[in-house]
Amino acid sequence: MAIVFQEKTKVFHLYNEKISYVMTVLPEGSIGNLYYGRRLNDNEYLLNLYQSRRRDMSACSFDDDIFTLDDMKQEYPQYGHGDLRNPAYKIEQDNGSTICEFVYDHHEIIQGKPPLENLPGCYVEKIAEAETLIITLKDSLIEMEMKLFYTIYRDYPIITRHCEFYTAGKEVVLERALSMCLDLPDSNYQMITFTGAWARERAVTRRDLQIGVQSIYSLRGNGSSAQMNPFFMLARKNTTEQAGEAIGFSFVYSGNFLGQAEVDNYHVTRVLMGIHPECFSWHLAQNDHFVTPEVILTYSDEGFNGLSIPLHKLLRTRLARGYWRDRERPVLINNWEATYFDFDEEKIINLAAKAKSIGIELFVLDDGWFGERNSDKSSLGDWYVNTSKLPGGITGLAEKIEGLGMKFGIWIEPESINADSDLYRSHSQWVLQVPGRRMSPSRNQFILDFSNDEVVDYLAERIDSLLATAKISYVKWDMNRSLSEAFSLAASADKQQMVMHKYILNLYRLYEYLTSRHPEVLFESCSSGGARFDCGMLYYAPQTWASDDTDAWQRCQIQYGTSYGYPISMIGSHVSASPNHQLGRNTPLTTRANVAYFGTFGYEMDITECTEEELDEMKKQIEFMKENRRLIQQGDFYRLVSPFETNNNAWMVVNENKSKAIAGFYQCLNTINQGYYYLKLQGLDPDQLYQVDDKRYYGDVLMNVGICVDERKINGDFYSKIYLIEAV
Ligand code: DGJ
């Protein structure tokens with residue numbers, strides 16, 4: 001790995017064994033892109049990648065009538081000097097102008113990767129793992145500096161990027177401050193996005209790029225959303241799971257975002273990603289600064305699996321942090337779908353005792369344990385125990401659960417408040433609201449003003465003391481509505497457009513405080529299921545509840561879609577009741593577990609009502625997961641057959657030395673009188689002999705011919721099978 005600056009040609013070349021990223025200082029002083037893709041040799045001829053062409057009717061930077069920014073592939077463009085495409089930033093100055101002129105001043109190349117101030121980001125454990133280039137540009141008229149950060153990892157086809165702005169003597173307002181721009185020389189790409197809604201998150205959407213703008217975004221304020229995930233890819237038309245070129249863009253942020261690909265009329269593709277400029281403007285005082293969140297760029301010329309495998313590894317080991325980062329996740333039971341709000345201590349203890357008897361390790365008490373919370377109409381904000389439900393309080397219950405030999409966890413939703421709560425009655429000014437205007441409830445609740453430090457400090461103290469007084473080993477941090485009337489009573493008129501980003505900064509501050517005060521507590525983030533499934537959350541909480549839809553077949557799609565951008569260890573997945581509570585669908589217990597294995601694994605159903613036969617089967621499922629969870633959660637994950645394109649789903653994990661793999665095959669509806677079906681595996685050693693069921697095959701046969709999946713003919717709808725593949 002290296003970052004090279006060629007003094008003579010003013011070319012920057014960032015490369016490792018897999019990728020190259022080449023830039024140069026453009027004639028007017030900004031930074032231009034020359035190349036991003038498969039590794040190139042480093043030499044002085046890279047500057048020949050620079051091209052400039054006359055464009056009719058374009059504003060030129062010089063008298064030469066040739067050099068126009070509209071034609072340049074740029075690293076961090078603005079609007080106003082001739083480039084008429086969408087810009088990366090916009091700075092309003094005291095005379096009302098938004099025209100800037102940042103020119104290259106100097107650069108530094110440093111070992112390792114500096115952390116982003118108050119924001120989540122990838123990191124290194126040893127400085128040899130990465131190198132960082134910081135390019136400083138200056139606009140002397142407004143006395144501002146802009147710093148473009150690029151970190152290249154030694155062992156991954158990955159570059160991280162963000163930008164920082166620094167003022168000196170003058171105040172300005174940032175009206176737009178995206179995290180990165182990447183101009184690609186052609187538009188023969190498809191954009192692959194992960195879209196959906198509540199309970200059907202991250203469905204794969206694939207479309208050809210067209211001239212114009214195609215984008216994904218969230219304007220929900222406090223969540224990256226179930227509607228459009230802040231991860232997308234550009235891929236060639238022929239890219240498959242195994243082969244072809246693809247670039248991934250992951251935004252390390254949990255609030256409003258914009259990810260877009262703009263194709264201009266010369267087929268240059270401009271990719272922009274960052275905080276959505278709508279509802280955002282940031283005042284910078286003299287000697288002030290602003291840091292944009294990070295974007296992770298992943299390149300693959302080995303298909304989508306070639307993109308997601310290194311991305312998973314980086315996110316799992318160099319974005320996620322703390323005690324649980326490398327640990328196998330406990331098998332849990334969550335009482336939500338078992339009881340909803342209708343529980344008392346006896347019911348909980350019975351459920352926990354049964355769970356213990358089949359090998360479950362952690363009991364999670366979901367919504368309903370606090371204040372007067374017997375429905376979703378009241379008590380959010382009152383993080384005190386409801387003693388009519390739990391006479392011994394959380395402390396007493398936690399002790400009883402620990403006494404059974406299990407760990408204990410709770411649900412919280414700290415950002416929300418019900419009007420029917422003591423907190424609202426005493427501190428209604430802590431709620432986001434516009435004076436004189438109506439407030440829009442959602443699930444009967446409002447949102448606390450997280451842009452106000454005082455509110456967050458209060459919650460920090462409250463939740464910290466809850467975690468300190470009871471034996472709590474796990475926290476499910478939920479958030480069940482998006483922002484409306486996002487106005488802070490604590491902020492002045494000119495700072496209202498800062499509220500949404502400040503909210504997210506304070507959300508991260510609260511997470512940082514609680515996770516560092518309670519380092520061994522396992523945090524799972526959640527937002528009405530998977531509406532906050534993003535890299536920002538992963539930095540604080542190593543797992544996320546993937547969806548409120550627990551139906552096995554729907555989960556095949558949700559988990560398959562999620563796996564393009566996120567590691568399996570992050571995907572919260574539970575076995576639930578049949579018929580399923582969301583769809584009313586019946587699926588075999590085996591299939592429900594076979595799907596849930598490919599995630600963190602747990603149960604979310606009233607197992608006190610299960611038959612002995614079912615409990616026996618669950619016991620075996622739990623034993624299987626305990627035996628294999630290290631491989632599943634930390635192995636290389638391959639998508640094999642897409643449930644979005646076929647009646648089947650298949651995926652597999654392989655361990656590091658390719659001596660063991662587990663594949664899951666799933667069929668949606670049965671069809672009559674089928675032909676043979678061969679499931680081709682991936683990632684094995686072609687020269688290794690493996691045992692699968694009662695047969696032996698070499699890796700090359702398993703990958704090129706496949707396993708003949710046969711039993712499905714007689715086993716009806718939602719049949720599934722797990723294959724253990726072991727080297728002999
Ligand atoms: C939404 C979550 O996604 C569910 O799992 C559950 O925790 C409910 N909230 C509780 O209100």
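In this predicted model, Gln543 belongs to strand β28 (residues 543-545), where helices (H or I, at least four residues) and strands (E, at least two) are DSSP runs numbered from the N terminus. Residues are numbered from 1 along each chain as its sequence is written. The model being predicted, local features need pLDDT of at least 70 and side-chain atom pairs count only at pLDDT 80 or more, whereas totals for chains, interfaces and linings use all residues; side-chain values use heavy atoms, with hydrogens and water left out.

Gln543 counts as buried because its relative accessibility is 2%, the term buried denoting under 20% relative accessible area, exposed over 50% and partly exposed the range in between (1.4 Å probe, protein chains only). The side chain of Gln543 forms a polar contact of 3.2 Å with that of Arg329 and another, of 2.6 Å, with that of Glu524. A polar contact is here a pair of N or O atoms within 3.5 Å; within protein, one atom must be able to donate a hydrogen and the other to accept it, and residues adjacent in sequence count only if both atoms are side-chain atoms. When neighbours within four places in sequence are set aside, the residues in contact with Gln543 include Tyr474, Leu522, Ser569, Met570 and Thr600, contact meaning heavy atoms within 4.5 Å.

The ligand is surrounded by 13 residues, of which the closest are Asp366, Asp367, Lys476, Asp478 and Asp548; a residue is assigned to these surroundings if one of its heavy atoms lies within 4 Å of the molecule. An N or O atom in the side chain of Asp367 is placed 2.7 Å from an oxygen atom of the ligand, and for Lys476 a side-chain N or O atom is likewise 2.7 Å from a ligand oxygen. A nitrogen atom of the ligand lies 2.7 Å from a polar side-chain atom of Asp478. Taken alone, the ligand exposes 290 Å², 98% of which is buried by the protein, with accessible areas computed by the Shrake-Rupley method with a 1.4 Å probe and, for residues, only the protein chains shown counting as cover. The shell comprises 4 nonpolar, 3 polar and 6 charged residues, where Ala, Val, Leu, Ile, Met, Phe, Trp, Tyr, Cys and Pro count as nonpolar, Asp, Glu, Lys and Arg as charged, and the others, Gly among them, as polar.

The largest nonpolar core holds 190 residues, and Phe165 and Trp369 touch the most other members; such a core is a set of buried Ala, Val, Leu, Ile, Met, Phe, Trp, Tyr and Cys residues joined through side-chain atoms within 4.5 Å. Helix α7 (residues 499-517) supplies the largest share of this core, 9 residues. A second, separate core of 24 residues includes Leu681, Leu684, Val692 and Ile707.

In helix α4 (residues 393-403), the buried residues include Ile394, Leu397, Ala398 and Ile401, and the buried residues of this helix pack against α3 (345-357), β22 (362-365) and β23 (407-412). Gly405, which follows α4, has a positive phi near 95 degrees.

Most residues other than glycine have a negative phi, and most peptide bonds are trans. The peptide bond from Ser578 to Pro579 is cis, with omega near 0 degrees, and Pro579 is found in the loop between β30 (574-576) and α10 (589-596).
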